[in-house]
Structure formats: structure tokens, C-alpha cells
Amino acid sequence: MAGEQGRYTGPLVDCDVHNALPSDDALHPYMPADWRSRRDSLTYLPTAFRDVRENLGDRSYIGAEYPRPTKRASRVDAWPPGGGAPASDLAFAQAQLLDAWNISYAVLNPLLGIGEMLNLELAAVMARAANDWLADQWLDRDSRLRASIVVAYEDPPTAAAEIDRVARDPRFVQVLVLSRMIEPMGRRRYWPIYEACERNGLALGVHNGGWGGHPITPAGYPSYYLEDAAAMAGAFQAQVGSLICEGVLQHFPGLRIVLIEGGFAWIPALMWRLDRAWRMLGAEVPAVDRPPSQLIRERFWVSTQPMEEPEHPAQFHELLDQLQMTDRIMFSTDYPHWDFDAPNQALPARLTADQQRKILHENAAALYGLPTPADAAATGD
Amino acid sequence: MCATSELPPGARRIVEVDGRSIGVFNVAGDYLAIRNRCPHQGGPLCEGVQVGELTSDLPGDYEYSRPGEMIRCPWHGWEFDLRTGASWFDPARRRVRSYKVEVVPGGELEASPPRPGLQPGPYTAETVPVTVEGAYVVLELAPSGN
């Protein structure tokens, strides 16, 4: 299924990298002293893949804690030789990802288990610490890195204030939320986040996962992680419908939304179904003033990994033809996770030079405002 | 490739031969070799975890056999049979190259015709007297016939 994209030698942007905390107390230097001491007593465990979720501080609704095929859901070869979790060691991540694949820019989407915390005060402090940690330990140390802002998204006004604080640093290019939150994303309680994204010119990144208390599939809780991994598009489809029908895209005309790690082969069918429903039932949602398919093509972006792999490579071209979103597809590796996509192997069919350039570089560079590597070198960035 | 004592049961070595990275495994005394490159996305297949073959005739009825004879790619978990290179999910069509491995007594190794990449024994150290004995693991690049 994999096809060599050997002809493409241009700049490469990786839109989904999951850097991790090197230790349980790595955020302590970035937290106020009173919270450091309170957090010690809460024995908070910092990652989404923690073994125990019963401690007071990190309690959330249930969600995506299905056992993964590998420890910390990571490539077996991604554990830094010097210790620590996969992608917690910048030097090793540079060698294994950025240098190995000659990546020009990578967007960090740290999944730290903060946004879904129900202790909203602690979540706000942790989000603030995480953003300062990102700037200090990652963005300051490699000019190829960009990052998503970590927010306590179940407390939208606080999240919006944090977005305003962090957005002054242009290396933060996006706000990160998960695909299963407590309510559907279009609901008004989340609008302060969208307003802040628009106000600061930031994309909204919706990453697969979440602890909103809802079953992983619309049919309930499945038995196996395989089902979770294969059925994750369901939540994304519901969120696209919610964002459109609630009128979010009309209220925030500058809002740009990136669906990360959700695939995209399902989008044509969703567009057809939403358009059909809108023609019949549009009076129910009068704010939706044009076909949903048009709104999707105008306002949504998608990342590649883990994209669907059609049975026959030619079917990938049919999919691109149905989507009409070649300007919206952005390459991602999902490093260091176990389902990592290798940049020269992942795209399932031989693409034209134009398609490769857009998917591997130009679409992300345009969305996130990334200078071309040549420009960056000239300005000493 | 190495002396048999350097590749005991349960051990593996990844060697570079003519620009190919190849993993050689000692599975309970059998020497097995496959290419260290997953046909899926090029992951370092031979750095993965060795597992057994898990089959099921009915839900809830599982049979675990041939421990250590399958390897799971460290990237995406595709499994391959170390004996044949055949994948677990599509053994007829998706496979990784496998190689023949033989164990040759040290004395014969020196007398055998030269082979690419092979360092003929006996190995000698500066001050230690060495006798020609024991057996050596020899990796052949020709297809194993599987």
C-alpha cells in the first residue's frame, strides 16, 4: 500500500508531534509555590497514559483509557537511551524525527491530560505551566518547533484568558482541544475559546481522544482498543456537524479548524449527507447560510496520520477528487506514537508533484504562517 | 557472522551485509534470519518484540504456540514469521525477505570457499592460544527457498 514519494525533496512540515514531560514534576518550576505544594499532596500523574487515574487532582470523566499495544502508546524504538518517556528528550527527538527526516517544522501537540481535568483551578495552573514549559524547554531550543496552546477547555473563559496570554508568542500557532469533550463542540459554552482563537489569529486543533464521559463509539463502549482506533472518526463527524449546525462558523468567520489524527476518507460521505439534510431541514438552522460541504471546504483542515489506506492505490485519487480539499490536507507523523507515519512512506499512492508539495509543506506553512526555510535562514530565525 | 556462543538461545543480532540490515535470531536453538526492514513503512522490524503465534478457532478459545517465532514491528505491530518471513495477516502476499542460516564447524569454515562479508575463522587473540573447535553461525544471502 505504501508508495515512495521519492521525488519530493522540498521542505517538510510535521503537524502532529506529541512531546512529553520528562518527569512527574517537570512542570513544578513553572507553577506557583502554593500550587506546587498542593499538587504534591495530590500526587498528580501527568500523562494521558498514566496507569492510575484515581488521584484527586487528575480526576476526569471516563474516556479513552483503553490499553494500547505498546507502553505509552509509543514506538518501541522511541524510548530515549538516556531515560525518560518517548519524546521527552529533545536531543533524541531531534535525532530520531527532525534530523532523520529532514523536517523543516514540527507542531508540538502535548497530550498531558490537563484539558480534561475536572479540578478546574488545578487544570488552569497546569495549562499555564505547560505553555511556559513548552516555550522554555522546546521552542527556545529548536527553531524548527511550533506548538499548540494547552488549555483547560472545560473552563472556556479561563482557557480564553490563557490563549490571550500565550498568543503573544508567535511560535504558538494553534489551540489544542480533544475530539470528545463534555458537550458537542458547537455548544455555546465553548465559544469563548473560538472567539480567542479568532481574536489571536490561531487555528483550533481538534485532536483525537478525550475524557468527556461519553462512550468511545456512538453504540457504547467496545471491548477492544482496535475498535477504538478504527471507530474514532465517529466523534469527529459529530463535532463537524455540531460546529456547522450551531452556527460557530458564521459567528466566528475567522476561525480555522484542524481535525488532527481523525482521518479524512469519511468526509465526502459526511458532506453529502449534511448537504442533503440541510436542503430538507435547513430551516431548523437558519444561520447555516450555505451548503455544509462548502463550509467544510472553506474552514476545515485535516492531518494525514492515521489516514485510511484504500484497497487499491487509485482509490486514493478518487478520494482526493471527492474531497476537493487538497489545499487542506497536512502531513503528520504522530511521533512518537506506535502508529507513526514515516514521511517518505505514508501517503498511499503516488501523488503529483503539486499534491506532494501541498500536503507535505505548503498547506501547513500557509495555515500556521511558517516562513519557508530559506526565508528563515536569511533572517536568522 | 559470529561464534554460536555469541548468539545463545533467545538472543538476536542485527548485522549489516552488503548494505542490507538483517536480523539473525536464535529461537530455542534454531537460527533464523529476516531483513530488518518492515515492508509496510520501512520500520526497523528486527528491533521489535518476539512473540508466539496466537490462533483462535472460536471466540474465547485461544492457542498460543511457537513462542518467539514471530516478530512484531516496533512501529505498527505488523507480525511476521521468523521462519518464513510471511506476515501474520496475509502470509501469501505480504512478506519480508528471509535468509538461510547454517551452523558450520570452525574447522570447515576456514576451508570453505570465500563468501562475501564472511570473516573466516579461527579467530585469534594476541596472547591467547586458540584451538579450532565449536561451531559458527553463517548467514547466507541466497533465498532460503520459502
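**Group meeting: chains A and B**

Hi everyone, let's start where the two chains meet: twelve residues of chain A and eleven residues of chain B make up the contact. On the side of chain A that touches chain B, the classes come out as seven nonpolar, one polar and four charged residues. Please keep in mind that this is a predicted model.

Where does Trp278(A) sit? You'll find Trp278(A) in helix H9 of chain A, the helix that covers residues 267-281. And is Trp278(A) buried or exposed? Trp278(A) has 20 other C-beta atoms within 10 Å, and the cut-off for buried is 20 or more, so Trp278(A) counts as buried.

Who are its partners? Leaving aside residues up to four places away in sequence, Trp278(A) touches Val288(A), Pro291(A) and Pro292(A).

Let's move over to chain B. How many helices and strands does chain B have? Chain B has one helix and nine strands.

Of the 146 residues in chain B, 28% are buried. As for contacts in chain B with a separation of 6 or more, 51% are between residues 24 or more positions apart.

Thanks, everyone, and over to you for discussion.

Conventions: Residues are numbered from 1 along each chain as its sequence is written. Chains are lettered from A and ligands numbered from 1 in the order in which they are written. This is a predicted model: local features need pLDDT of at least 70, side-chain atom pairs count only at pLDDT 80 or more; totals for chains, interfaces and linings use all residues. Two residues are in contact if their C-beta atoms, placed from the backbone, lie within 7 Å. Ala, Val, Leu, Ile, Met, Phe, Trp, Tyr, Cys and Pro count as nonpolar, Asp, Glu, Lys and Arg as charged, and the others, Gly among them, as polar. Helices (H or I, at least four residues) and strands (E, at least two) are DSSP runs, numbered from the N terminus. A residue is buried if 20 or more other C-beta atoms lie within 10 Å of its own, exposed if 12 or fewer, and partly exposed in between; C-beta atoms are placed from the backbone.
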